[in-house]
Structure formats: C-alpha cells, structure tokens
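Me: I would like to learn how to read aromatic rings in a protein model. Please take me through it one feature at a time.

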Amino acid sequence: MVSIGAGVNVVLKETSIHRNYLASRCFVAAVFVAQLAGCVSLAPDYVRPASPVPSHYDSVTGASHAPADIVGWRSYFQDPQLQSLIALALQNNRDLGIALARVDEARAAYGIERSAQFPSIGAQAELERSRVPGDLNLTGKPLVANQYQVGLGMASWELDFWGHIRSLKDAALENYLASEAAQRAVRIDLIAQVATSYLILSELNERLFLAEQTLASRAESYRIFSRRVEVGSTSRLNLTQVAVLLTQAQSLVAQLEQERAAQVHRLTLLAGTEMDETTLRKRLSDVDAPRRLRAGAPSELLINRPDIIAAEHQLKAANANIGAARAAFFPRIALTASAGTASAELGGLFGNGSRAWTFSPVISLPLFDGGLRNSNLNLTTARHHIAVLNYEKSIQNAFRDVSDALSARMWLDYQVDIASTSLAVQLERARLSTLRYDNGSASFLDVLDAQRDLLTAQQQLVQLQRALSTSNVSLYAALGGATDEVPAADGKTVSTTDPDN
C-alpha cells in the first residue's frame, strides 16, 4: 500500500508539473502572439491630396522665385519696444494659454490610447473567511473556512490582430501633433496681432502729433485774426473761416485721442497685463520697420504654415479612424490571466503546492448590432472627406493670404510714393496761397482750402506708411514665420518632439 500510494503521489506530482509547464508555455505563446498583434492595419494608405493652388504666385505681386525667408520674430521685428510687447504677450496672453492647455490635453489623450497596447498588470492580496451552517454540510456541524491568496493578475488585454487599438493610438497621436501645430498658429497670429496693433498705435501717435501741431498753428491764427477784427483790418467772415479750420483741427485731435485709447486697450488685452500708457508714445517715423521678406513658392507653405500642418495631421487622424472602424467588423480577442499562491492557512500561503493560476482567453464578435458598425464606418469615411476638404481649403486660404500681402506691399509702395509727392505739392500750395493772401491777390478761401487739403495729405501719408508696414507683418504671418522659443507664463515650453519623451 505504501508503494502504491507513493506511486500515485509521484504520478500526481508529475501531472501537476506537466500542467504548470503547459500553462506557462501557453502564456508565453500568448504573449508572443500579442507582440505580433497590431502589425496589421486596416486604415487606408495615406496619400497627401494634390495642392489645389498654382505652383507660383501671380507675377504682378512681385513675388520672387528664390526660397522663402522664414525667420524668427526677434530677427524680423527689430524695434526694441515691439519686441518687449511681443515677449510680454507670449507670456501672458490668455488665448495662447488656452492653446497650450489644449496641447497638454491632446498629449494626455494620446497617452491613454497608447497605454491600451500594453497589458495592465496588478498585484492583489485577498483574504476570504466564510461560515457554512451545519445543515448544509456532511458533518452536520457549522464549518468555518479561511482562504488566503496573493498573486499577480492581468486584466482583460485585447490582442490587436486587426489594428483597432493601433489605429486609435495613431489617431490620437495625429490629434496631438495637430494641436501642437495649432498652438504654433496661435503664436504666430498673436505675434502678428501685437505687431499690427503696435504699428496702428504708432500711426495714431504720428497723426496725433501732426494734428496737435496743426491745432496749435490754427489756434495762433485764430488769435491773430481776432485781433485784426478788433482793429478793423480784416472782416469777420475771415475770422469765421479761421474758426472753421480751428474746430476742424480740434475735432480731429479728439477723434485721434479716442482711437488711440481704444488701441491701447486692445494692445493691453493682447499683452495680457497692464502697461504704462505713457511709454507707448512712439511715433511711426521712429519705429524700426520690419524686414522685407521673399515669398518663395506656394509649395513651401505646406511645411511652414502651422495651420496647414495641423489640417494635414487632422486628415491623418481621420484616416486612422477609418482603420479602427473597419477593425470593428472582425473578432476581438482578449486575455485575462493571474498567477500566485493560495492556501486555507496563512502559514501555508507560500508552501509547496500552493501555486494557483488562471488563464482565460475570450473571443467576441457581435452578430447583430442594428447597423451600428456600418454607420460608424460611414461616419468616419464622411469625416475623412471633410478633413480632405479642410486641408485643401487651408492651402487655398494660405495662398490667398500670401498673394494679398504681396500685392498690398507692391501697390502700397506705389501709393506711398504718390502720397509723398502729393504732400510736397500741398505744402507748396499752402505756402503760395498764404503768400498771395498776404499780398492781397487772393481771398482767404484759397488759404482755407489749401490748409484743409494739407492736413488731409499729412494724415493720408502716415496711414499709407503704416499700411505698408502692416502688409509686411501680414506676409510674415502668411508665410508661417518661425516663432522664437519663449517660455509660457508657468515657465514651460511646448515640446515639438515625440510626445513619449
């Protein structure tokens, strides 16, 4: 009997070892298969849509065939005060802060989708104590049982044979990259807005300076003519005409002060913080003009314009979502497993024969879902088509932006030359009309008209000079100008590298 019992024990022990060996082999094989999983992707092969714009800009705009100039804003905007305002806006602007937060949001979403490629393994310890009444067991007495268990467990882990998880991860990655490019677009737009607002404010300072000079001159003329009326050397009609000129100048000064205050408020909002208004009195003639840029070829917009880059990443994300929708038509295979020790006594938890394990593969395939999977595939296909149209529209908008900026720069150059000549003529006209009136050979009405036209010519020239500078700012933004790296308000900067780093 002893030999038979020993033989049975040996057989049972060998059988247990054989089962453990087979289980471990099965688990290793499952992990190996899982490593191969995800190699198949049902997403369509990505092909960049053809550019829906000509290969070159209109020659009328004066575009050059040389490569485009893409420089950082510190190199492009050379005025020190403007550089300070841009740096302030990049640190404090709320719209940019929102864009930065969206990048963080997209990065976290990518991390969530990426983590689904790996098994979730956790440790657990369990104590179970139970009491069975006597009438429910063979002994007829109440039975109290204990069970202790410690082990590692793997939650339901999907084997990505058809690329479902991989497609979702790729879509999340492209959305992250799109948000990062969109953040760059917000930065460039913010820089352009600050530069434009600063130039408009400088224009208003220049026009206000000229208007105040004219106001002082006309106030002095009104004093002189009032004295002449008192002594009877001129008519009251001439005095009223001088008063008209004076009120015209007063009205213009008040109007410019109002516009200037509104522009200061806009610049303050862009900067995101309060500024000393007294330091914002620089006139346009004292501002260092931005550099002149070459536009290059429209194809360069595809790699320089962040909004186009973002649209293409969104197109790739839509492409990956089609793969995920297609994978839903195939079976889903998931693994659940655990390994550890179990015993009825705490002291025997780690003893011989206390090993315990489970291995549970699950295969599932919906047989009827009321057309849910078909509708989801149709939805992702429609969104892909929309993404293609948005991408093409972004390219067309970029082409127009550059063309508009180039044509504006060329024609504003011409208009500034004309306005400069016109101002010189008006100055001479005002001088001659005043001289003729003093000699009694012309009426004061000629002087009145000449003074009005002179003020208009002065104001118009300053406006055109500012518009010319603004066209250079617009071209910088249209070309997708590089942004110098400036810390955000919290001292962080957005990484343009792999989000996994």
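**Reading the rings**

Reply: This is a predicted model. Trp411 is partly exposed, with a relative accessibility of 45%.

Me: Why does Trp411 count as partly exposed?

Reply: The partly exposed class lies between the buried limit of 20% and the exposed limit of 50%. Trp411, at 45%, therefore falls in that class.

Me: How many aromatic pairs are there?

Reply: The count is 7 aromatic pairs. One of them joins Phe161 and Trp162: the ring centres are 6.4 Å apart, the planes make 50 degrees, and the pair is tilted. Phe161 has a relative accessible area of 26% and Trp162 has 30%, so each is partly exposed.

Me: Why is the pair of Trp411 and Tyr414 edge-to-face?

Reply: Planes over 60 degrees apart count as edge-to-face. The planes of Trp411 and Tyr414 stand at 70 degrees, with the ring centres 6.3 Å apart, so this pair is edge-to-face.

Me: Where do Trp411 and Tyr414 lie?

Reply: Both are in helix α9, which covers residues 372-438. They are 3 residues apart, about one turn of the helix.

Me: Which residues do ring pairs link into a cluster?

Reply: Tyr76, Phe77 and Tyr476 are linked in this way.

Me: Which ring does the charged end of Arg283 sit over?

Reply: Arg283 has its charged end over the ring of Phe209, 3.8 Å from the ring centre. For Arg228, the charged end sits over the ring of Phe225, at 5.0 Å from its centre.

Definitions and conventions: Residues are numbered from 1 along each chain as its sequence is written. This is a predicted model: local features need pLDDT of at least 70, side-chain atom pairs count only at pLDDT 80 or more; totals for chains, interfaces and linings use all residues. Side-chain values use heavy atoms; hydrogens and water are left out. Rings of Phe, Tyr and Trp (its six-membered ring) pair if their centres lie within 6.5 Å; planes under 30 degrees apart count as stacked, over 60 as edge-to-face and the rest as tilted. Buried means under 20% relative accessible area, exposed over 50%, partly exposed in between (1.4 Å probe, protein chains only). Helices (H or I, at least four residues) and strands (E, at least two) are DSSP runs, numbered from the N terminus. A charge sits over a ring if NZ of Lys or CZ of Arg is within 6 Å of the ring centre and within 35 degrees of the ring normal.
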